[in-house]
Each structure stands twice: as structure tokens, then as C-alpha cells.
Amino acid sequence: MSVLHLRRARTSLVLDARGPGLPRLVHWGGDVGDLDDDGLRQLADATVPPVVPSSFDAPTVLSLLPEASAGWSGRPALAGHRDRADWSTAFRLDRLDVDDPSDVAAPARVDVHAGDPDAGLSLTVELTLDPTGLVLLRHRLRNDGASPYELRELTPVLPVPAVATELLDLTGRWCRERSPQRHPWPVGTWVREGRHGRTGHDATLLLVAGTAGFGFGSGELWAVHTAWSGDHVTFAERRPTGTATLGGGELLTPGEVVLGPGESYATPLLYAAWSDTGLDGLSDVLHTHLRARPRHPRTPRPVTLNVWEAVYFDHDLDRLRALADQAAEVGVERFVLDDGWFRGRRADTAGLGDWYVDEGVWPDGLHPLIEHVTKLGLQFGLWVEPEMVNPDSDLFRDHPEWVLATPGRLPLSWRNQQVLDLAQPGAYAYLLERLDALLTEHPGISYLKWDHNRDLAEAGHHGRPGVHAQTEAVYRLLDELRRRHRSVEIESCASGGARVDLEILARTDRVWASDCNDALERLAIQRWTGLLLPPELVGSHIGPERSHTTNRVHDLGFRAAVAFFGHYGIEWDIASISPVQRAELASWVALHKRLRPLLHTGRTVRVEHPDPAVWAHGVVAPDGSRAVYAVSRLTTSVAQVPGALRLPGLDRRRRYTVRPAEGVPAPATMQRTEPGWLPTGVTLTGAALGSVGLQLPALHPEQALLLEASAVD
Ligand code: DGJ
């Protein structure tokens, strides 16, 4: 056993695996250079803290699974017992499986096998360093004893150095997902728990620890994401002993996981990213990793029209056909029929669970609409909410026992619905059969919008806590459907963006970021969702002129420019708008189609403009040959002229021509003359554009300007 050094993409992991206890992560962060065995041993020894007064008599170090037996008095990484015994462990290292190919385009992986025969437990730690520098960590615990072992918590943690003194994470609610919150990181534990039975509108998404004053383009950062769609926790803990950790795992309810002899439990994956170039650097690692996944969507993301805010429950074949005609005319490529098509679903009070086409509303089934849409050359998508049931449904009347509940009472109602217990074989088989039949009977359906519109509460499975089993069953259902219908894409939606995590995204193709289509709100929602996800995975639609959720009114140009940096779509009754507006909409769709190869493969950058009224972001091509930026004015500014906009991410040595994106109307401004470089553009080096920047036109509030930069040499 030795000290291991894994290196990928400027990131190093140094692991002291000399035993006899669990290995210690000596370093997670910037590359430490070429170190031979002796150098690695010296590094490991040099990072052991001294023994100080009033402490244990030997140095205490943080292992991959901190244990009280090794002096850990922080938040337990493992909590459990066997009939009140075996509640403390002292794992001994048994074996290391190291797979560290010299090809740095392949991941490096270490599996640590350890056991505590006295406690009757064995542990495997799976530690992967991805070619992008992303760390993936998972623990597996097996009960080797002869009696049941109740697991209360098993949570991977990673050490963070003392220089990380500030924390940033996200919270949210319906229609305002991903609000950032930031504060110093004092001694104590910053714990973000979600007990929604789904990922949650308020999910952390990314918990970031960084050096003082870090920003989008600067600072050294460490960040974790807990990839789990059920109850989960993500936390940052600084101890008075001087250690600081980031961690995340599943939240288990008492009695939820009891391991029988020989049974195992695996934690959710903890994704961990390091960057010395600020938040944009973190996103770069995460986006590059996601884009390298075999099933990452690589075909051009079809411009989508979703009918929800256009017609709600008012399903009428002729009206929907007319909407599809208009959609085709403006360049839409996918038409999604939302909630309201199935039996009894005339409002949100009834029908969930009865996944048969409503014979009253659709006397000839969905075929006439699907045929019409696909003949227009558009893909057809359908909304479903498989895990839910309305008490007013045939399914509930036939199978009230299929609902997640505690004996004797139903959970509090939410949007008039309850949750089906997918861990019950009957409920699971019913849903699989219905969804499979729908897709088989309608081969024209190539997309499902998979919704989930309530929190789970008192989610009991045969009287026992059921969220863990439910989460696994949902994953199984999605996996099986995808196996049977490989070409069908799936969107993860949950009352907007309440199911956005990397485990649901392992089996879906995009997320619905929010039910709020107000462009001003969306600017922030998309900026912060983009911390984790690249634009092509984030559905962003042009909503109606007056937002249905905020009542604000925005020009089409602002709505179109904000939605532009995502998986583009429209959610608006475009059959009722003027031909002039439709023509403008078509010009935005055409521009998006021209730029989406860049938007959906490039590096996301955000600007911290000194004027809080000015927001800007962009996407730069991986080879630095071009970029597209959006600059938005949120409100009026204190200063008459807010100051030049520096364009980040360009190659400092190359020269670029920067000009307003062509083909769409200019945003509204109030100025006597515009800056000299507009409207024809300017050619400057990336260095000048990044360090000096460009004066902006005097945009009115709630207006946005798109700029294109193209390298000329
Ligand atoms: C919530 C979703 O977020 C909306 O987009 C829409 O699909 C409704 N559910 C339908 O009930």
C-alpha cells in the first residue's frame, strides 16, 4: 500500500493509502506536479497536523470515511446500528483496486475495499477522477453480520483547504428556482436538506466553497453536487480543529434502510469539481463531463412549441392543428401536447393515473393530431405525470392501496393529487404497461415531458418509509422505458424545476428549468441553473407578452434573447398573435438555429459588470473561433453610462469582429447617438475586448442585445 497520485486536467488527487486504516485524501485540488513515491510520502507526512493540547494523543486525520475511532468528532459519515450495537466502526484497509491508465483521456479509478469484522460491516469506496478533472465518489456498505443492520446515514465527504472561506449555494421555490445565497464560512455546519421526496425547487444544485471574493471568472473553488432525486443532504462543515469538508448523500428516515445479512447499500454519487478560474471554471468542468456522456443529446436541439401556456386544458383538435401550422411556419421543430389529453382530465382535479386518451375530447384518439404534426415535419411530444394519481380517477378507485401513505390516512393533498407507490409491483407494472402501450400505439411520439407536481409527504410503503424505494423505482421505470424506446427523448419537469439533478439527467435529455417564463426572472434562473448544466439541457421558452406567472409585460426581443441561451422553445398562443410578431418570432428561431451549434457546444461565460443593472453572459466556441454574448439591462442605472462591457473567454492573441447579431430587430434604446462601433461592428484583439471592453448602447430596462464575435485570423 502506498501514497497514490491521480492526475487529470490540472486536477490532482493524492491518497494516502498506507493503512492500516481507511485511506486519507491528502489533497483534492490543483495539480501538484510530478512527484515520485518518496515525494508523495513526504507530501502525505507534511500534511499531518500536530498534536495540540487538550486533544487526542495522536494526530487525527480525515479519512475517506471519517470515524470516531480515528478521532473524528464532526458530523458522522456513517451512522447505524445492529440492535444498538456496532454503532461505531474502525475500518481496516483490505485491498486497493487501482485503474489509472496512462491515457489521460480515460478516467482514473481507485476502489478501496475495507472491513470491520467486529462490526460485521465491509465498505467499498469508489473514487473516480474523470478526464475533465471531475471527482465522482460513492460508498457501498455491506452487512456481513448475521443480523439486520439499520443504516441511518452514509455520506461521502471531501476535504477542502483552509483558504476556502466563503460559501455559495442555491435555494428556490416554485417560479423562482436557483436563487443564490452566499456568506462567509465560519466554524459550524451549513446543512442543506431536502425532504420533498423529489430533488426540490430549493435544491442546492451546487454547494461551492471558495477563496474570498471569488466570482464568475476568478477565485479558487471546490464544489459538490449530490446526485439524487429523493430526500438528500448537502453540507459544508468547518471544525474548530481546522478541518473543512464538503459532503452530500441521501437522507434516510428511521427504519428506511435496514440491511439484512449480505445486503448492501450504495450512496448517491457525489460529484466534486475544483477550479482556479472561478465559477465559470467549475461550470466548464461539469459541462465538459456531461457533454462527454455517451447518451448526451448531440443532435441539434429541436426548437419546441409547448402548448401549456397557449391552451392549458382547452384541448381542441382544430385549434391545436392551427397552432401546429403556425409553429411550423415560424420554424418550430417539435410540438409538445401538455397536460389534459387523458381520461377525465378537464382540470387539475381529476384524471391523473388514467393514462388512456380521453375518448370525449379525442374521439379519434391522438392520431389525427400526431399525423398532422409529423406531416408538417415536426416531432411530436406528449406530457405525462406517471408517479401521480388523482383520488378522482378510475385508477385510485380501483387501487387505493397503490398510494404512498401511512396506515389509516392519506398524506395531505397537493394539487389535488397523491403519489403512487412504485415499489409495489402492481403499480409499477401498470405504469410500465401504460407508458409502453402509449409509445407503442403512437410511434409518432418521440418525446415525453415527464412531470412530477407535488412533494412526497408521509410517503409510506406498506407502513414503512418509502422514499428511497420510490426513487429507485422511478429510475428503474425510466431505464426500462428507455431500453424499450431508445429513440424517445424525455424531459425532467417537476412543477417547473423541482427535479434537476445529475441522476435524473442520467436517464433524461433535458430539464424544465421553471414554470416562470418571465424573461427577467429567467435571466437569473438560467444563469444559476447553468452553473451545473450546459445550455442544451435546459429548456427555455419564449412566453406570452404578459407573463402568466408575474403579470410583467416584455417585448418579444427581450423574451427571445433571454430564452436564446438554452434548449429554445415557445410557450405562447402564437395563433393569436399578429403576422408582424410571427415574422419577428421566425427571425429569432432562424438566428437560434444558425447559432445553436455554438450555443450547445461552447464554453459558458458570465460577466460581473460593476453596474448591477447590467447582466451579460456568453458562449465561446471550444476552439475560440467565435462567441455569442447577450447583454441585458435589468433596470435603470445610477450612472448615465454604466461602463464598458468586457467580453470574457476570447483568445487574447486573436482578433475578433464584434457586431450585433444580424437578422433580428435591435433592442429599444434611449440615446442621441449610439457608441461608435455600432452598428457595423469593431475588430479588436481578444485581449482588448477582455481587458478594455466596449461601450454599450443605452438600452432601456428589460432589453437585451445579442453580440456575435468572430475571429478574423
Ligand atoms: C407543471 C409543469 O411545470 C408545467 O409546465 C405544465 O406541464 C403543468 N405542470 C401541467 O399540469
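**View 1. Ser495, a buried residue with a positive phi.** Ser495 has a relative accessible area of 8%, so it counts as buried (under 20% relative accessible area; over 50% would be exposed and in between partly exposed, using a 1.4 Å probe and protein chains only). Its phi is positive, about 45°, although Ser495 is not a glycine. You'll find Ser495 in the loop between S29 and S30; strands like these are DSSP runs of E with at least two residues, helices are runs of H or I with at least four, and both are numbered from the N terminus. A word on what you're looking at: this is a predicted model, where local features need pLDDT of at least 70, side-chain atom pairs count only at pLDDT 80 or more, and totals for chains, interfaces and linings use all residues. Residues are numbered from 1 along each chain as its sequence is written, and side-chain values use heavy atoms, with hydrogens and water left out.

View 2. UniProt, in an unreviewed entry, gives the feature "binding site" to several residues, including Asp451 and Cys493; its positions follow the numbering used here, feature names are shortened, and annotations may be inferred rather than shown by experiment. Asp451 sits in the loop between strand S26 (445–450) and strand S27 (460–461), while Cys493 belongs to the loop between strand S29 (489–492) and strand S30 (510–512). Asp451 is buried because its relative accessibility is 7%, and Cys493 is buried because its value is 1%. Not counting residues up to four places away in sequence, Asp451 touches residues that include Trp383, Glu385, Cys493, Ser495 and Arg499; contact here means heavy atoms within 4.5 Å. Cys493, leaving aside neighbours within four places in sequence, is in contact with Lys449, Trp450, Asp451, His452 and Trp512.

**View 3. Helices H9 and H10, packed together.** Two packed helices are described by the angle between their axes and the distance between the axes. For H9 (residues 519–529) and H10 (residues 556–563), the angle is about 15° and the axes are 9 Å apart; axes are lines fitted to C-alpha atoms, for helices over the stretch in contact, and angles run from 0 to 180 degrees between N-to-C directions. H9 and H10 are therefore roughly parallel to each other (angles under 35 degrees; over 145 is roughly antiparallel, 65 to 115 roughly perpendicular and the rest oblique). From H9, Ala519, Leu520, Arg522, Leu523 and Gln526 meet Phe558, Arg559, Val562 and Ala563 of H10.

**View 4. Arg606, buried in a strand.** Look for Arg606 in strand S33 (residues 603–607). With 4% relative accessibility, Arg606 counts as buried. Its C-alpha atom is separated by 7.7 Å from that of Gly217, a residue 389 residues apart along the chain. Leaving aside neighbours within four places in sequence, its contacts include Phe216, Leu279, Asp280, Arg527, His617 and Pro648.

**View 5. Arg178, another positive phi.** Arg178 is not a glycine, yet its phi is positive, about 65°. This residue is part of strand S12 (residues 176–184). Arg178 is buried, with a relative accessible area of 1%.

**View 6. Two cis peptide bonds.** Gly19 and Pro20 are joined by a cis peptide bond, with omega about 0°. Pro20 is in the loop between strand S2 (11–16) and strand S3 (24–30). Leu678 to Pro679 is also a cis bond, with omega near 0°, and Pro679 lies in the loop between strand S36 (655–660) and strand S37 (682–685).
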